[in-house]
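Please have a look at the sequence and the structure first, and then read on.

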Amino acid sequence: MMLDIRDLRVSLPTERGLLNAVRGVDLQIARGQTLCLVGESGCGKSLTATSIMGLLTRQAQITTDRFEMAGQDLTRKPAAGLARMRGRDVAMIFQDPTSALNPTLTVGRQLTEGVMRSEKLSRRAAEARAVEMLERVGISNPAARLAQYPHGFSGGQRQRIMIASALMGRPKLLIADEPTTALDVTIQAQILQLLGELQADLGLSILLITHDLGVVAAIADDVAVMYAGRIVERAPARDLFVRPRHPYTRGLLAAIPVPGVTPRGSALPAIPGRVPGLIGTLRGCAFRDRCAQAAPDCAADPVPRHGIGAGRFVECVNPEEAST
Amino acid sequence: MLSFLSRRLFVAFCVCVTVSALSFALMFLSGDPAIAIAGAGGRAEDAEAIRIAYGFDRPLIVQYLDWIGSAVTGDLGQSIYFNLPVTEIIGNRVGVTLTLGFISFLVALAVAVPLGIAAALRPNGWIDRIALIIAVSGQAIPSFWLGLMAIVVFGVWYGMVPISGAESWQGFILPVIVLSYYAVPELMRITRSGMIDVLATDYVRAARAKGLPMHLVISRHALRNAVLPLVSLAAVQLGQLLSGSIVIESVFALNGLGRLAWESLLRSDLPVVQAIILVLSLLYVLLTTCADILNAVLDPRLRGAT
Ligand SMILES: Nc1ncnc2c1ncn2[C@@H]1O[C@H](COP(=O)(O)OP(=O)(O)OP(=O)(O)O)[C@@H](O)[C@H]1O
Ligand SMILES: [Mg+2]
């Protein structure tokens, strides 16, 4: 297991009380595998990713039952262990590429500083690797551009620089928070292909956060569907697309237009209702207010988890009914 | 960078011209300078003679060019009260003020910047609270009172330092403390708030994600961006400190520029007042120009680099 995390909980103090944003998340990624984390905005995807990196604000309260990454057990002392692993064993691409580069340092400096420290590379060797990485993410004339500052690059170029930067240390696990949202489709395809190549070359494991189910279909081995701070369904990508079990997953899939199938101009079936507030404790299924199959049992706590074969589970009172 | 530099220097030059014209105009602000020199009870013939002797009868533009021409060569005219060259009078007094101002500035920076950074690293931590107390008290306590109390306690009661004058270096200890205490709060607050803003940015988080240790994240990524607002403020503060504080110089009996300006005003010694105003204005222009250039060195966006 490249990543094995059990019962991750993240709470943030707010003016209105403690926000339980992540409420018991389990994530497992095998070596060389890609897990896609999907779910609507605000469900806690970025908080999950950032807490795995140990880069949440000091105020955040994080607990886990088990936390293993790249062969290290981090359950007891996550902070100390992560400090040694960041940049070499695990790297992260943040959601907003425009602000993730320091405006006062050259791109070359920002790409090379990590490996010059962690791998004791010379400037020349680090720059050679930076040029290679920039080339791979599709930045033209990379050697000359190392001396430039971030504001000389477009948003999409900066995002690619961020991807190159995350790959500089040849990590074993890459956490990518919506790495391709600002990119046009050709570049997006190029980046996904690059990630695939790296996976083949280096046995890279990827935790990819995305809204884009097209990206999921292209790259995911497994998919975890997150709703209101919990994983409500997890399945191999193919199985999930073919036979979604959770009513929420079905709603998500129904919201994608399929050319030739969805009548042109027809409204896509949106999921009615709103996500429940996560301040204080939430009992029972968080989705029941929006669920067409909701039953009185859905208020029972905890929500039963049904394992279906290897690596697949769904958290729903009545998943069989949901699947028909 | 070159185009930024030439643009910035051109602006500075224009400001210098404006400032010098304004200081020149001061001479005429209080009415006819010839009458002012002759004194309120002076006769009309005396005023007329003075007008010719000082050249006040010439066109204004000629007088200005003449004045600025000699000012450039270091001749700022004669003091009416001392009957000595203004340059000499200012030269005698400026040393004390510059020494006091520079040292106080350095002390204030040495206290404010590390304290501001430490406070920003843990907002509401104990260092932050101490910093807050220092800031609030520094702004609330008037410097003349603090100066007098310091003299009473350390000079009179304990006799640790001389209570007045600048004959020995010990004489500077109390004024430096009082003056820097006055300068610390603003410098510290801008360091703290700049640092808190920068520490919350995505690029600082990205730097940590690369595995850089915290001290490098702070020194390389955070500090450089956090000091940008500090540089501009520090230039203005240094200008204030170098202008000489009338209060501090009076309390500690230091013969500096602040007191000279005050005394000359009382004596209607206009050439001295005018010269001090000119010198201080040019000093401000110099300092703010340097601050802008320093900021451009730190931030490539300001100098239009790619
Ligand atoms: N620093 C913070 N302080 C307080 N609340 C926060 C903080 N960061 C995130 N949240 C809240 O936690 C919840 C989860 O946020 P998160 O950023 O993980 O969402 P997300 O799933 O990544 O959404 P998106 O798809 O829009 O990026 C949101 O309700 C958000 O408002
Ligand atoms: Mg997010």
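This is a predicted model: local features need pLDDT of at least 70, side-chain atom pairs count only at pLDDT 80 or more; totals for chains, interfaces and linings use all residues.

Helix 6 and helix 7 of chain A are roughly parallel to each other, because their axes cross at roughly 5 degrees and angles under 35 degrees count as roughly parallel. Helix 6 spans residues 155–167, helix 7 spans residues 185–202, and their axes come within 12 Å. The axes are lines fitted to C-alpha atoms, for helices over the stretch in contact, with angles running from 0 to 180 degrees between N-to-C directions. Helices (H or I, at least four residues) and strands (E, at least two) are DSSP runs, numbered from the N terminus.

Which residues of helix 6 meet helix 7 in chain A? They are A:Arg160, A:Ile163 and A:Leu167, and their partners in helix 7 are A:Ile187, A:Ile191, A:Leu194 and A:Leu198; contact here means heavy atoms within 4.5 Å.

Residues are numbered from 1 along each chain as its sequence is written, chains are lettered from A and ligands numbered from 1 in the order in which they are written, and side-chain values use heavy atoms, with hydrogens and water left out.

Now to the ligand. Around ligand 1 there are 13 residues, of which A:Ser41, A:Gly42, A:Ser46, A:Leu47 and A:Gln95 come nearest; a residue is near if one of its heavy atoms lies within 4 Å. This shell divides into 5 nonpolar, 6 polar and 2 charged residues. Helix 1 of chain A gives the most, with 3 residues, while strand 2 (17–29) and helix 1 (45–53) each supply at least two.

| Residue | Part of the residue | Distance to an oxygen atom of ligand 1 |
|---|---|---|
| A:Cys43 | polar backbone atom | 3.3 Å |
| A:Lys45 | N or O atom in the side chain | 2.8 Å |
| A:His211 | polar side-chain atom | 3.2 Å |

The protein covers 64% of the 630 Å² of accessible area that ligand 1 has on its own (Shrake-Rupley method, 1.4 Å probe).

Two backbone details of chain A are worth a look. A cis peptide bond joins A:Asp301 and A:Pro302, with omega about -5 degrees, and A:Pro302 sits in the loop between helix 10 (247–254) and strand 12 (305–307).

Notes:
A polar contact is a pair of N or O atoms within 3.5 Å; within protein, one must be able to donate a hydrogen and the other to accept it, and residues adjacent in sequence count only if both atoms are side-chain atoms. Ala, Val, Leu, Ile, Met, Phe, Trp, Tyr, Cys and Pro count as nonpolar, Asp, Glu, Lys and Arg as charged, and the others, Gly among them, as polar. Angles under 35 degrees count as roughly parallel, over 145 as roughly antiparallel, 65 to 115 as roughly perpendicular and the rest as oblique.
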